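Thanks for making time this morning; I would like to take you through one model, and I will begin with how its parts meet before turning to a few individual residues. Please have the structure open as we go.

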Amino acid sequence: MSVEAREARQPWILLSPALTAIFLLLFVPLLFIVVYSFWLRTSTGADQVGFFLDNWREALSDAFYRDILLFTLKIATITTLVCAVMGYPAAYVIARSKGNKALLLLLLMLPFWISYIIRTMSWINILGVSGALNTALLWLGVINEPIQMLYNQTTVILGLVHFLLPFMILNVFVSLEGIDTNLEDAANSLGATRMQAFWQVTLPLSLPGLAAGGLLCFVLGAGTYITPLVLGGPGDAMFANLVFEAIITQLNWPLGSALSLMLLAVLGALVLIYNRYLGMAQLMKGLG
Amino acid sequence: MGGTMGWHLLRGWTVLVYLFMFLPVAVVVLLSFNASQFGAFPMTGFSFRWFVELAQNEAILRAFRTSVTLGVMTAAISTTLGVLASLAMVRYRVPGSNYISTLLIAPILVPEVVLAVALLLFLNFLGINKSFTLLLFGHVIFTLPFVILVVQARLISIKRDIEEAAMSLGASPRQTFFQITLPLMLPAVLAGALFALTISFDDITGTLFWKPGGVETVPTQIFAMLRNSISPEINALGTVMIVLTVGLPLLGLAIARTLSQKRGI
C-alpha cells in the first residue's frame, strides 16, 4: 500500500471505535424506537409487533399530553429568560475584569462538577418548612408559622435556573472574550456614550454566545424530569416525566417511544434551526 | 457602561449571581455538620456523627462502590475511544470533518431522556436487560462527546514538530507515539478521563432508566432517600460527593500545573 493510501486510511481507523459506538448505541436505538412506537401494548402486557397508529394518535391528539408539552415549553422559556437576565451581566463582568478573572472562571466551573441532584436538593435546605429562609423569618418575627414555599412551579424554575445558569454565563463569556475591546473604545472616541457603545457594538457581537447559552438552557431545561420530581408539586409534571412514567412505571414501551420521539422532534427542531443560522462551532466553543 | 457607577452595579449583580450559585450548596455542607437529629435548621452544634453514620450505612457504601466501579470503567472506555477519535480529528485531514464532529457530539445534542429510552429499549430487544452492562454502555455513550471536546481542545496545542524531529532522528512511528506523543498527550488524556469520571459519577437522568432494581448509584441513592424527607445523612452524603467531585479535579489541576512547571513547558 502506498504511503498516501495509508495516510488516508489512518484517521478512519482511529475514528472507527467512537463512530461505531455512536452508531450502535445512539443512531440504531433511535431508529429502533421509531419502529417500536408503531407497536402496540396489549392488555396481557406483551408488545404486539405491527404497524399501529394508536400510540401516535394518543400522543398527538390527547389534550393531556398537549397541555403538558406546552407547560414544559413555558417552563423552559421562563428558565432561559431568567438565565439570560441573570447571566449576561455576570459574564460581562468576568470578561472585563482584570485581576480576578482566573478565580471567577474557576468558580464558574465548580457548579459543573457538583452533582445535579445535590444542587437541586440543596433548595430544600433553603426553602423547606424548617429551611434557612423560614428559620430566619421566624427568628425575625416576620412570620409566626413556617410557610411551605416548596413544591410549586416557581421552585421548579428556581431549581432549573440554578442548574443551567453556569451554561449561560460560560457561553456568553466565551463570545464576549472574543470581541476586541478596542471596538468599544473606537465607538466611544467616535462620540458614542459607553451605554450606546454597549448596546450597538458589544451586545450585537455577543448574540451568538447568548443564543448558544439560550439553546443549551432551553433544551436541557425542557428535557428534565428530576427537578419537577424533587422541587415540584403534583401538578408540575413536565414532558420528560410522562416519558419516565410510561417507560418505567407503566411499562408501556410503545407509547413511551412515541412520547420520547415527540420530545426529540420538538427539541431537535430547535437544534436544527440553531445549526442552520449559527452553526455548531459556537456551541462547541462553549462546551469545550 | 455609564462610568464607574454602572460598573459597580454590575459587579454587585455578579456577586449576587455567584452567591445564588454557591449559597445553597454551602448550606448543604454546613448542615451536614449539624448535631441536631433533623436535617435542618437550627444548628444545635458541630458534629461528625452523620459522616460516621454514612460510613456504617451498608446501602450507601454499596451505592458508592457501584458508582466508583461504573465511573472508572466508563472513564477508561470513553477516554480510549475519545482520544483515538480526537487524534484523527486534530492530526489528519478528514474529509467531511464538519459532519464527523457533529456526529461525534450527537449524543449530547439528543435529550438525555430520549437517549436513555432508546438505549434501554434497543438493548433490551437484543437481550441485554437492565444491568450493569446497560449502565456502562449508557455512561460511555453520553460521556464520549465531552471527552472528545476536552481532549481535542488540548491536543491542538501540541506541536507536530517534536514528533517530526524524533522521526527524522530515526525513531519508528511506534516509538515516536509511545515515547514522544503519548507523554505529551498525557495531561489531555487525564483531563478527559477525569471529566468522564465526574460526569458518570454525577449522572442521574439516564441512570434511573438503566439501573436494575435494587442497584443504586450515589445520585439515585440520594434521590431515593429524598422521597422520605431530607435527613442530615443526605447532607453528609452530599458533602462527601462535593469533596470528591470538586476536590479531585482541583487536585488534578494542581498536579498538572506543578508537572508542567517542572518540565518548563
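Predicted model: local features only at pLDDT ≥ 70, side-chain atom pairs only at ≥ 80, totals over all residues.

On the chain A side, A:L14, A:L25 and A:W113 together supply 10% of the area buried against chain B, which is more than any other three residues give.

As for specific interactions across this interface, there are 0 salt bridges, while 8 residue pairs are in polar contact, both partners being at pLDDT 80 or more.

Let me move on to the cysteines. The count of disulfides over all chains is 0; the cysteine sulfur nearest to that of A:C83 belongs to A:C217, and it lies 4.0 Å away, whereas a disulfide would need the two sulfur atoms within 2.5 Å. A:C83 is buried, at 0% relative accessible area, and A:C217 also counts as buried, at 0% relative accessibility.

Finally, A:G268 sits in helix 12 of chain A, residues 253–278. Is A:G268 buried or exposed? With a relative accessible area of 19%, A:G268 is buried, because the cut-off is under 20%. Its C-alpha atom is separated by 8.7 Å from that of A:V219, a residue 49 positions away along the chain.

Terms used
Residues numbered from 1 in each chain as written. Chains lettered and ligands numbered in written order. Heavy atoms only, no water. Helix = DSSP H or I, 4+ residues; strand = E, 2+ residues; numbered from the N terminus. Buried < 20%, exposed > 50% of the residue type's maximum accessible area, 1.4 Å probe, protein only. Buried area = accessible area lost by both parts, 1.4 Å probe. Salt bridge = Lys/Arg side-chain N within 4 Å of Asp/Glu carboxyl O. Polar contact = N/O pair within 3.5 Å; in protein donor to acceptor, adjacent residues only side chain to side chain.
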